Amino acid sequence: VTASDLTRDAGTRAPATASSPIQAAEAETAGITRGRLVLRRFVRNRLALAGLIVLVLLYLLSATSPLFAPWAYDEYDYTAFLQGPSLSHWFGTSQIGEDVFAQSMRGLQKSLTIGLLTAAISIVIASVVGASAGYFGGWVDRGLMWIVDLLLVLPSFLIIAVISPALRGSNWILFVLLLALFAWMITARILRGMTLTLREREFVKAARFMGAPPGKIIRRHILPNMASLMIIDVTITVGATILLETGLSYFGFGVQPPDVSLGTLIRDGSASSLSTPWLFLFSGALLVISVLAVNFIGDGLRDAIDPQSRSGRRRKRKAEDR
Amino acid sequence: MARFLARRLVNYIALCLVATFLAFSLAALTFDPVGRLMERNPPPPQSVIDAKRAELRLDEPIPARFVGWLGGVVQGDFGKTTVNTSVSEELPRRIGVSLRLFLIGTVVGIAIGVVVGVAGAIRQYKFSDYLTTVGSFVILSTPVFLLGLLLKYLALEINTSAGAQLIVFTGETTPGFRGGFGAALVDRIQHLILPTLTIALGQIAYYSRYQRSAMLDVLGSDFLRTAQAKGLTRRKALFKHGLRTALVPMATLFAFGFGLLITGGTFTERIFGWFGMGDWLVYGIQQDDINITATVTLFVAVLVLVSGWLSDVFYALLDPRVRLR
């Protein structure tokens with residue numbers, strides 16, 4: 001009898017004997033990989049799915065808008081200064097005749113890109129630091145966690161704002177690196193805690209006794225087992241980064257001209273007067289909608305990956321209430 | 001408990017110093033305080049620039065400058081700004097403005113946040129629960145500067161439709177205000193409404209989410225059922241046994257919430273023209289002023305650590321197990 005025989009046997013037998021709730025639950029998920037299960041749970045969550053669709057649509061819209069929008073971001077309409085929304089200028093125009101729609105799309109694209117890139121870089125730093133600190137322990141652990149504590153004392157907004165004069169006139173990629181440099185600490189702490197327990201598990205011990213080098217153990221055995229948490233954390237970081245980036249840009253400490261982000265647009269739009277609300281309301285709405293969408297995706301992912309999580313239990317209670 | 005709290009305090013003071021040193025060094029590395037002077041037209045003579053450099057101690061190593069600055073701070077002297085005014089003279093006024101905003105905002109935020117969270121948990125899946133949940137999600141997704149702007153815009157509309165200046169959104173008092181105590185109080189409150197609301201809304205949204213889920217966990221617990229089985233009314237069981245337990249995790253959150261508040265406070269002060277510490281930080285960075293930046297950083301670090309320490313104290317008060325450690 002081979003191993004595959006055994007599993008196939010179990011798979012076919014489960015539905016037939018589904019008499020207790022536990023077996024029924026097994027039957028529901030029999031023959032489905034974990035990935036598919038997570039996907040199914042995620043798609044069932046209407047808010048999360050809506051968030052994902054909205055986010056993808058917003059990104060596509062911002063990327064393709066030059067193809068169909070009547071005005072480009074660097075065009076000036078000298079016949080329409082400070083006009084409200086119209087058929088030609090969907091979001092209105094600014095004091096110098098710029099089209100607010102084109103500007104908003106450009107800012108939206110930059111803000112979303114910065115959020116996604118930062119989250120991607122920060123998860124790499126967090127997993128390396130967290131897994132090494134947890135796996136090696138000792139002075140590596142103490143040193144790394146001391147750095148984490150130190151960076152957590154100061155709000156990252158303050159540190160980046162202090163460094164920002166060095167950014168004047170430089171590339172926005174540098175700004176992304178800076179954001180990522182101060183976004184990984186909490187995730188690293190959580191991953192370290194998980195590594196501490198994973199390190200004592202049998203499969204990790206087995207790998208170690210077989211002589212696998214630490215780097216390989218971390219890469220092949222520890223990180224894959226924390227993947228679900230890392231995915232959730234990426235979404236949280238995306239949302240938090242977009243808020244931080246727009247805030248910094250609002251003060252001029254973030255994205256530098258000629259680049260624009262939603263933050264700089266809102267600042268420019270609200271600088272002179274509040275009686276021309278289209279200058280900042282549209283960028284503001286786009287900003288809130290994107291962050292809201294990201295947050296819904298994060299919540300949905302958490303429920304899909306970890307059924308024991310808060311709202312998972314909530315749904316169970318709801319079922320009991322009926 | 002005293003030893004536990006004392007150990008935490010020592011740890012916090014050390015972190016405070018290192019954090020301030022970090023900010024001081026970063027500012028010293030990236031700022032260019034004489035840059036503005038050199039850009040003057042006609043350019044000032046080299047001797048003036050050298051004198052300024054010597055005065056600001058720009059040519060000494062950064063640790064030496066930090067120690068010199070810290071030595072002054074211990075004696076109550078926070079150094080001079082780049083335009084030669086004393087940092088120490090302006091400091092108390094700025095701290096007063098910021099703390100007033102922070103404290104009122106926090107107290108209002110925590111009080112309403114806890115009430116909203118508990119109400120949401122008790123009336124789960126009722127209309128009011130959905131309303132507060134959606135509301136806090138939207139507020140948590142809105143940056144503070146946008147929230148402030150929207151409130152300002154709303155106030156403008158209200159003022160226009162009322163035909164009077166009901167809500168004021170620049171400054172903390174009317175400049176050159178003359179009047180009795182009652183009129184002065186009304187004037188202050190008119191100025192206070194919007195900034196406090198901006199700060200408090202975020203705090204309410206943040207705390208109520210956690211309070212709701214903490215309360216939900218407690219609502220399903222055995223000890224609450226036992227308390228009711230012993231004959232306590234539901235109301236008494238909820239508030240005497242339930243709420244106390246549900247408040248424990250909130251004590252830890254308080255420290256994080258305060259960090260959030262400080263960043264938010266910077267925007268709020270800036271938008272509503274309050275000359276507090278956050279406003280000063282933005283000014284300091286824009287003017288390449290190292291002393292102002294270091295002073296504000298020290299203030300922020302002290303605030304974060306005091307709130308961290310306070311949350312330790314609350315934790316120890318609420319959870320007897322911590323006290324025994």
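B:Ser98 is placed in helix α5 (residues 87-122) of chain B, where helices (H or I, at least four residues) are DSSP runs numbered from the N terminus. The structure is a predicted model, in which local features need pLDDT of at least 70 and side-chain atom pairs count only at pLDDT 80 or more, while totals for chains, interfaces and linings use all residues. Residues are numbered from 1 along each chain as its sequence is written, chains are lettered from A in the order in which they are written, and side-chain values use heavy atoms, without hydrogens and water.

With a relative accessible area of 0%, B:Ser98 is buried (under 20% relative accessible area; exposed is over 50%, partly exposed in between; 1.4 Å probe, protein chains only). Its side chain makes a polar contact of 2.6 Å with that of B:Glu269 (a pair of N or O atoms within 3.5 Å; within protein, one must be able to donate a hydrogen and the other to accept it, and residues adjacent in sequence count only if both atoms are side-chain atoms). Leaving aside residues up to four places away in sequence, B:Ser98 also touches B:Gly276, B:Met277, B:Gly278 and B:Phe299.

Over all chains there are twelve salt bridges (a side-chain nitrogen of Lys or Arg within 4 Å of a carboxyl oxygen of Asp or Glu). One of them joins A:Asp141 to A:Arg192, with the closest N and O atoms 2.6 Å apart. A:Asp141 lies in helix α6 and A:Arg192 in helix α9 (residues 185-198) of chain A, so the pair ties together parts 51 residues apart in sequence. A:Asp141 is buried at 12% relative accessibility, and A:Arg192 is buried at 18%. In chain B, B:Arg270 and B:Asp279 form a salt bridge of 2.9 Å, N to O; B:Arg270 is partly exposed at 31%, whereas B:Asp279 is buried at 7%.

Between the chains, 44 residues of chain A are in contact with 46 residues of chain B (heavy atoms within 4.5 Å). Across this interface, zero salt bridges are found, and two residue pairs are in polar contact. Helix α14(A) gives the largest share of the chain A side, ten residues.

The mean pLDDT of chain A is 79 (the predictor's confidence in each residue, from 0 to 100). Residues 1-18 of chain A have pLDDT below 50. Where pLDDT is low, the predicted coordinates should not be read in detail.

Note on methods: Helix = DSSP H or I, 4+ residues; strand = E, 2+ residues; numbered from the N terminus.
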